[in-house]
Amino acid sequence: MINPNTYDNLCIIFSESRLSTYLSATNEDKIEALKLYTLNMSLSESLYSFLCVFEIALRNRISNVLVKEFGDNWFEEKAGKWLNGKAATEWHDKNGNTQRARLLKQIDKAKEEINKQNKKINNPQYHKLLTSDTLTPELNFGFWTEIMGSDYDRIIWHIGSPRYIHEVFPNAPEKHNFMRDMKRIRRILNEIRVIRNRVFHHEPVFNTRNLSFDELLTTYENAKELLGWLSEDALCFFEENNQFEKLVNSIPSSMRSLS
């Protein structure tokens, strides 16, 4: 049975800092904070399958484009213009790394993971070859959303012509104006990345700008639209077991906005 002592005891296991967000969102009510924590777990569980389907669809669409433009070894530094220093900009992150350097580090890390897996297999016959198919799953969601960034409009996406951006979103509305809509698409991808990281790292999915489940639902609906553009079949496949909308719509109005 949930009571204030349950909250205090869970602080020892879960950490006080982890639970503090839920306590703040429920006006320091420990019982309501635990109810909110339980709700967050259920929402995260229902979002997990959607995020997996979306990530797989996005990365494979982009990977197919990179293979088509730069060959099956697109991830090698000398294989494509986007890796050999001719990107639109060479901005630095807070650690002083260029975008290109950060992407190369992620690729190197993925290669190391494949090599590590091969070392565990005694028979070389079953070793993974370093190809686009084996490397693609090892690269994280942030890598793929970054490749969708505006720095690569000229090099990969050719927004002004009916080329690769249409191959990433083949089921978008006919004659969709990607040049006009890319800013919105990139915003949605970034919001999906934030929610994905919260789900995968067991963080509050409501902890956004407005502490609102309505905001979460809006992000989800936008993400579902993009999944349909990526693949109508993938969207239908997911929808057969979709529990998220039913769950989020059952949240009491008193909890819909936590601010």
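Me: Is Arg187 buried, partly exposed or exposed?

Reply: Burial is read from relative accessible area, where buried means under 20%, exposed over 50% and partly exposed in between, with a 1.4 Å probe and protein chains only. Arg187 has a relative accessible area of 39%, so Arg187 is partly exposed. This is a predicted model, in which local features need pLDDT of at least 70 and side-chain atom pairs count only at pLDDT 80 or more, whereas totals for chains, interfaces and linings use all residues. Residues are numbered from 1 along each chain as its sequence is written, and side-chain values use heavy atoms, with hydrogens and water left out.

Me: Which residue forms a salt bridge with Arg187?

Reply: A salt bridge here is a side-chain nitrogen of Lys or Arg within 4 Å of a carboxyl oxygen of Asp or Glu. For Arg187 the partner is Glu191, with the closest N and O atoms 3.2 Å apart. Both residues lie in helix α9, 4 residues apart, about one turn of the helix; helices are DSSP runs of H or I with at least four residues, numbered from the N terminus. Glu191 is buried, because its relative accessible area is 15%.

Me: At what angle do the axes of helices α2 and α3 cross?

Reply: Axes are lines fitted to C-alpha atoms, for helices over the stretch in contact, and angles run from 0 to 180 degrees between N-to-C directions. The axes of α2 (residues 16–25) and α3 (residues 30–70) come within 8 Å and cross at roughly 115 degrees, which means that α2 is roughly perpendicular to α3, a class that covers 65 to 115 degrees.

Me: Which residues of α2 meet α3?

Reply: Contact means heavy atoms within 4.5 Å. On the α2 side these are Arg18, Leu19, Tyr22, Leu23 and Ala25, and they meet Lys30, Ala33, Leu36, Tyr37 and Asn40 in α3.

Note on methods
Helix = DSSP H or I, 4+ residues; strand = E, 2+ residues; numbered from the N terminus. Parallel < 35°, antiparallel > 145°, perpendicular 65-115°, else oblique.
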